[in-house]
Amino acid sequence: MTRFHTAGLAAIMTTALAATAQAQGTPPPYATTKVDGTQNVYIFRFGGHQSMFIVTPQGVIATDPIGLRRPAAKTYIEEIQKITKAPIKYVIYSHSHFDHIAGGQPFKDAGAVFIAHRNAKARIDALKPPDVVVPDQVVGDKRNIALGGTTLELNYVGKNHSDSTLVMRLPKEKIIFTVDWIPLQGVQFRGMADNYLPDIEEGLKKVIAMDWEKLIPGHPGPGGRQTGTKDDARAMLSYLQDLSAAVKKAAEEGKCYDNAMRDVKMPKYENYPNYGAFLPMNVERYCDFYNRGI
Ligand SMILES: [Zn+2]
């Protein structure tokens, strides 16, 4: 086949694939959405990751660049600039995990100040990942960012999915953005790597006690749902408490690990799409807690 024909066929196939994807309801590779009921709060989604950003007359507060091995940050900046030409003043990291925070250099080049919890900076300083911008400033337990009439609270509620997770809260809009530990209609991811037990349950109680109505997580839920409510946080706390009780019993009966991973079932949550794949790994994590104290 000639080069021309190969290229032509590739173009036809690409078009056909795109048409098929559209017909099947596959979402486009990225999208920017204004959060309902707000004037200036947006969600930037790239693939299965998402970040919150806030537009004010004095500049933009952005969060996670989500640019690990992909050009998300460049697209993210272009999407912001379709809405405002005001400068991007801040980039705030949700926690230390690279899939959310890598790739921020284009924001740095544009002059943004990077902020993270102090434990995130310590982790980045220790591991020195080449594509993660080192935070310029750190947060301890609490800090408020005020810009152009908007206040964003940065709260630390203890260890949960990492030891550096911030709960970012917009008090006026009653919105929180916090990543990876309060999934929408899902069990916890795989083996709950880097999670702290039982601290995550205590953190959930603190988040539920805060004043907010809408949750923006770091990943959309089933059906592409991008925001949740306090019911999602309550459901996650119930899930972890139920899981903890079930695995505690299994551990006491000497069933950890293999028998517990096979036999512990949580029928109340079996409609969660990732239940079948991840429940045994969640059980394994709690077996570690009850058998080995970690
Ligand atoms: Zn994470």
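Student: Is the crossing of H7 and H9 left-handed or right-handed?
Tutor: This is a predicted model. H7 and helix H9, residues 275-292, pack with their axes 9 Å apart. Their crossing is right-handed.

Student: Which residues of H9 make the contact with H7?
Tutor: H7 brings Tyr239, Leu240, Leu243, Ser244, Val247, Lys248 and Ala251. By class, the contact has 10 nonpolar, 3 polar and 1 charged residues. From H9 come Leu279, Asn282, Val283, Tyr286, Cys287, Tyr290 and Asn291.

Student: How are H6 and H7 oriented to each other?
Tutor: H6 spans residues 199-209 and H7 spans residues 230-252. They pack at about 155 degrees, with axes 10 Å apart. Angles over 145 degrees count as roughly antiparallel. H6 and H7 are therefore roughly antiparallel.

Student: How many charged residues are in the contact of H6 with H7?
Tutor: H6 gives Ile200, Glu201, Leu204, Lys205, Val207 and Ile208. H7 gives Lys230, Ala233, Arg234, Met236, Leu237, Leu240, Gln241 and Ser244. The contact divides into 8 nonpolar and 2 polar residues, and the charged ones number 4.

Student: Which residues are the protein donors of the zinc ion?
Tutor: The donors lie 2.1 to 2.2 Å from the zinc ion. In sequence they are spaced H-x1-H-x63-H-x18-D. They are His95 (NE2), His97 (ND1), His161 (NE2) and Asp180 (OD).

Student: What is the geometry of the zinc ion site?
Tutor: The site has 4 donor atoms, with angles of 88 to 173 degrees among them. Four donors count as tetrahedral if all angles lie between 85 and 135 degrees.

Student: Where is the cis peptide bond with omega near -5 degrees?
Tutor: Pro198 sits in the loop between strand S11 (175-177) and H6. The cis bond runs from Leu197 to Pro198.

Student: What is the omega of the cis peptide bond that joins Cys256 and Tyr257?
Tutor: Tyr257 lies in the loop between H7 and helix H8 (258-263). For the bond joining Cys256 and Tyr257, omega is about 10 degrees.

Student: Which residue other than glycine has a positive phi near 55 degrees?
Tutor: Look in the loop between S11 and H6. The residue with this phi is Met192.

Methods
Residues are numbered from 1 along each chain as its sequence is written. This is a predicted model: local features need pLDDT of at least 70, side-chain atom pairs count only at pLDDT 80 or more; totals for chains, interfaces and linings use all residues. Side-chain values use heavy atoms; hydrogens and water are left out. Axes are lines fitted to C-alpha atoms, for helices over the stretch in contact, and angles run from 0 to 180 degrees between N-to-C directions. Helices (H or I, at least four residues) and strands (E, at least two) are DSSP runs, numbered from the N terminus. Angles under 35 degrees count as roughly parallel, over 145 as roughly antiparallel, 65 to 115 as roughly perpendicular and the rest as oblique. Contact means heavy atoms within 4.5 Å. Ala, Val, Leu, Ile, Met, Phe, Trp, Tyr, Cys and Pro count as nonpolar, Asp, Glu, Lys and Arg as charged, and the others, Gly among them, as polar. Donors are N, O and S atoms within 2.8 Å of the metal (3.2 Å for Na, K and Ca); water is not among the atoms, so sites may look incomplete. Four donors count as tetrahedral if all angles lie between 85 and 135 degrees; four count as square planar and six as octahedral if opposite donors are over 155 degrees apart and all others between 65 and 115; anything else is irregular. A crossing is left-handed if the near helix is turned anticlockwise from the far one by less than a right angle, and right-handed if clockwise.
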